[in-house]
Amino acid sequence: MIHYRIALVSCLLLVGSLVRSEEPKIDFGTQIAPVLRQHCVRCHSAENSKGDISLATIDDLMSNKYVVAGDPNGSYLMELVTASDGNPPAMPKDSPPLSQGDVALLEQWIRQGAIWPGEIVVKERSKADMSWWALQPLQGEHGGVANRRTIDDFVQEKLVEQGLKSSPRADRRTLIRRLSFDLHGLPPSPDAVEAFVNDPDAMAYEKLVDQMLSSPNYGERFAQHWLDVAHYADTHGFERDMRRDNAWRYRDYVIESFNEDKPYNRFLQEQIAGDVLWPDDEQAVIATGFLAAGPWDYVGQVETKSDVLRRASRSLDLDDMATQVLTATIAMTINCARCHDHKLDPISQQEYYKLRAVFAGVKRADRTVSDTKLKQYEDDKRSIRDQLNAIDFEIGRLEGRGIDLADVVGGGNGTQNGTYRNGIDARTAKVQTRDFGKLGNVQTNHYSPSPFDFVDGVFIPDGENGTAKIPVSSTGITITGLPTTSGDAWDMIRNGPVASQHSPEIDGIDFTKDGHTLLGLHANAGITFDVGAIRQATGVAVMRLTAKVGYFGASGGNRADAWVFIDGRKVTEFPALGRDDGLQTIDLELPESSRFLTFVATDGGNGFSMDQIGFGDPKLKPASPTELSSDDRAGLDRFRQQRRELDARLEALGPPPNFYGVVSESDPQEIRVLTRGDPESPTGDALAPSALGALAMLDPQLGTAESNEGQRRVALARWITHPDNPLTRRVIVNRLWHWHFGKGLVDTPSDFGFGGGRPSHPELLDWLAAELDRQNWSLKAMHRLIVNSETYKQKSVGVTEQQSNRIDADNRLLWRQNPRRIDAESTRDAVLFVSGKLNAIRGGVAFEDFNYQDAYAPIYTYVTADDPKRWRRSVYRYIVRTTPNRFLTTLDCPDPANMTPNRLATTTPLQSLALYNNDFMLRQARYFAERLANEGGSDVAVQTTLAFGLAFGRKPTAEEAGLAEDLINRQGLFALCRSLFNSNEFVYVD
């Protein structure tokens with residue numbers, strides 16, 4: 001019987017084995033991975049390992065015995081997903097249990113050995129896949145919707161579907177104000193309003209649109225929109241927030257590109273790879289300032305000694321570049337894939353890092369536009385300065401101003417054209433610009449001739465207790481009688497303070513300000529001027545030396561000596577001079593026969609610490625004033641006119657042709673996937689540059705790991721602007737729509753993914769995108785198309801369609817125009833326009849509405865913009881990241897640390913208070929009142945009409961006129977102007 005049972009069990013096991021061997025083989029990729037993806041990895045992955053378990057790979061499952069290959073009963077995973085004792089399975093938690101079929105598949109997979117191919121990583125499925133609407137080709141680009149030729153066709157179709165109808169067309173006064181703010185960011189002038197309102201031409205509106213699009217104000221307006229997207233500013237941001245004084249060239253590039261209607265595809269290509277595609281085109285090179293427009297961590301990239309911090313900062317830098325380019329151009333939020341696969345859109349973490357590899361070979365820096373441009377600039381500037389120097393010398397000679405010896409030390413000719421803080425090395429007579437400390441290789445009593453025309457030479461003295469004969473001229477003149485010194489020296493002989501000087505101020509005079517000059521010597525040092533050469537150049541036979549000498553080191557026991565010699569003869573001395581002694585006056589006549597003038601500083605016998613001697617305002621002047629002949633007076637007038645002309649040429653030349661952009665590195669940094677975005681946890685092989693695979697109509701490959709950085713950027717630029725890329729055109733026409741209606745057809749202009757909005761009019765969006773191609777990527781053509789539509793011309797206020805509000809309160813179907821508040825910069829510019837103070841100078845270096853103080857973290861202290869240089873349009877304002885202008889911030893000016901595709905428009909009490917009480921507003925209200933008084937005369941009624949015309953583009957009603965005239969009579973024009981600036985009508989488009 002026992003043998004029989006053994007035989008039976010063996011037979012059953014054999015049969016079971018044969019049955020199992022006949023089971024179909026489980027394919028992990030198609031059968032098991034989908035189960036884990038759908039039910040498990042949302043909570044159990046490398047990024048979110050609840051219960052300390054990840055089901056993304058086999059490693060955790062095996063190591064924790066959740067899966068025991070070949071033994072389903074011994075695998076804890078099966079226990080978790082199987083119901084027992086009438087209780088539901090423990091997993092998935094907070095979700096329906098696995099189906100019996102899925103449980104059977106898992107059991108069968110484990111029984112067959114739990115084979116998990118190593119290349120498969122199970123990841124949570126994104127909410128959207130490659131069938132997402134934004135990733136599809138344009139609808140009807142080659143027919144269908146393309147046959148409908150107007151915007152209004154699409155809008156009307158949607159309205160009819162919902163039983164809605166369009167609002168009436170706005171009146172001409174409303175339309176010109178709307179167009180003016182939309183296309184120029186400024187209100188229209190009263191004359192322009194009246195001309196348009198009374199124009200009998202049936203095409204008057206279309207003519208007005210063309211006129212506004214051709215104005216340079218258009219580029220200034222729409223550049224501001226693009227700079228918001230580029231999060232442009234003139235400082236780095238982060239802890240130091242240092243200046244970027246050359247960033248403005250990119251801003252001017254954007255303005256000019258809009259004004260010249262540069263094709264949008266070319267506009268994008270230049271900003272991504274213009275320096276590679278068109279290296280000889282200066283504007284295309286400057287365009288790469290787009291890549292560097294965002295914030296940059298100077299401490300983390302330059303100053304830190306920590307490699308960890310440097311890697312973290314560089315990672316942020318690459319993230320900013322890749323995010324900016326992809327968000328601005330195709331509105332995909334790729335930075336969401338930095339730490340894991342994108343949860344919403346079909347973008348893998350690996351794709352994100354492949355995009356970062358495009359920019360791995362560039363870094364932000366100041367660079368020249370071109371070597372040719374720089375050389376031409378330097379040659380032109382040198383030529384103008386040489387002419388100015390010669391003319392200044394002649395003017396100074398004729399006016400008898402004398403020769404400033406501090407300026408001579410700075411490399412000038414004595415007429416304030418020398419370089420501040422340039423220095424002469426007392427050891428060698430070489431010119432030095434950087435600061436020095438204690439000097440090495442000092443040889444005392446050695447005379448070094450100088451190459452400057454008016455400086456004979458320099459030396460470091462040691463009197464050796466009065467016995468040393470110290471040479472003080474190139475002709476061999478010597479001096480004696482100086483005390484013994486330490487033989488040490490510090491820094492240079494300078495036009496200005498020496499290095500580490502305690503203070504440039506004594507007796508209330510700061511010799512670095514208000515036209516003063518300072519010849520700084522740190523004991524021990526000496527310098528000899530060639531009086532004979534100065535006499536010959538000026539034609540002045542008898543001269544006087546005037547100066548204020550002082551000890552500019554710290555007070556206390558510190559002291560030093562100052563000496564003056566003429567041809568080796570001591571003419572004055574100031575022994576043991578200290579700060580508390582104040583300034584000592586020098587006023588000496590130099591004989592006509594004199595040749596050399598020598599200044600000496602010695603250390604006072606107590607070492608050279610703090611021994612900062614200075615000769616304040618040191619000048620050689622005519623001993624007595626000379627009468628100018630009529631020819632001399634005529635010559636002086638001629639020289640002054642020539643100087644004014646040269647000054648104008650120098651100002652027109654502007655700053656050097658440098659801009660803030662990106663520079664290439666010879667070897668692009670290797671980019672790997674960073675585990676959870678941690679720069680200290682790279683994994684896998686180095687990645688080749690690539691774009692997104694979700695756009696199936698395009699090849700995502702952008703090169704290989706060996707591609708140089710220029711090739712990578714070019715490939716990305718061409719991928720983005722490829723004719724088959726539907727996103728690029730969809731995104732820009734949606735941005736244009738957003739800028740004209742206050743809300744895009746997709747209401748998230750920089751997110752066309754699952755997390756963004758859906759298009760209210762998808763066919764219209766695609767028709768506009770296709771139209772952009774038909775218009776050769778002309779943005780002006782698209783503006784013209786939009787603003788000429790009846791949809792755009794509708795009234796925005798006074799529409800009382802209750803049914804429309806009930807069906808579509810948000811106006812997504814566009815049954816009316818949207819009333820919009822004027823943005824912060826346009827409000828400021830409108831105030832200046834109305835007051836008559838707007839400065840129309842275009843382009844160039846940004847104006848600064850702050851006082852700047854250099855410090856570890858620079859200090860930007862805002863001041864009231866109350867001079868013409870600060871009355872320029874706001875787009876030309878110097879934008880500081882960490883210290884924003886509080887007035888503009890109150891009016892919702894965005895934070896330039898972030899990309900701003902859609903500005904906030906809040907309504908707060910602070911805004912009303914700012915418009916009513918801010919110092920800028922108060923002063924501009926006074927200027928507005930002065931303008932009304934000047935242009936309107938003394939007639940209060942005329943003043944009132946003019947005020948309403950300037951502020952609102954219309955005449956006052958009878959009731960408004962009565963109230964305004966009464967206010968003027970009681971409180972004056974200022975009260976009316978202040979009230980108009982604070983009205984809703986002033987700060988809303990219509």
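Visitor: In this predicted model, are Tyr264 and Trp777 buried or exposed?

Guide: Tyr264 is buried, and Trp777 is buried as well, where buried means under 20% relative accessible area, exposed over 50% and partly exposed in between, with a 1.4 Å probe and protein chains only. Residues are numbered from 1 along each chain as its sequence is written. In this predicted model, local features need pLDDT of at least 70 and side-chain atom pairs count only at pLDDT 80 or more, while totals for chains, interfaces and linings use all residues, and side-chain values use heavy atoms, leaving out hydrogens and water.

Visitor: How many aromatic pairs does a search of the whole structure find?

Guide: Rings of Phe, Tyr and Trp (its six-membered ring) pair if their centres lie within 6.5 Å, and planes under 30 degrees apart count as stacked, over 60 as edge-to-face and the rest as tilted. The search of the whole structure finds 36 aromatic pairs. In one of them, Tyr264 and Trp777 have ring centres 6.5 Å apart and planes at 15°, so the pair is stacked. Because Tyr264 lies in helix H12 (residues 264-277) and Trp777 in the loop between helix H23 (762-774) and helix H24 (779-787), the pair ties together parts that are 513 residues apart in sequence; helices (H or I, at least four residues) and strands (E, at least two) are DSSP runs, numbered from the N terminus.

Visitor: Which kind of aromatic pair do Trp490 and Phe608 form?

Guide: Trp490 and Phe608 form an edge-to-face pair, 6.4 Å centre to centre with 70° between the planes. Trp490 is in the loop between strand S8 (478-479) and strand S9 (493-495), and Phe608 is in the loop between strand S18 (596-602) and S19, 118 residues apart. Trp490 counts as partly exposed at 25% relative accessibility, whereas Phe608 counts as buried at 14%.

Visitor: How many cavities of 30 Å³ or more does the search find?

Guide: Rolling a probe the size of a water molecule over the atoms shows where empty space is left. A cavity is a set of points, on a 1 Å grid over the protein atoms alone, where a 1.4 Å probe fits but cannot get out, and lining residues have an atom within 4 Å of a point. The search of the whole structure finds seven cavities of 30 Å³ or more.

Visitor: Which residues lie nearest the centre of the largest cavity?

Guide: The largest cavity is lined by 20 residues, and Tyr232, Ile879, Cys893, Pro894 and Pro896 lie nearest its centre. Helix H10 (216-229) and helix H28 (886-890) are the elements that give two or more residues to this lining, and H10 gives the most, with three residues.

Note on methods
1 Å grid on protein atoms, 1.4 Å probe; cavity = no way out; pocket = protein on both sides within 12 Å on 5 of 7 lines; lining within 4 Å. Points joined across faces, edges and corners; volume = space filled by probe spheres on them.
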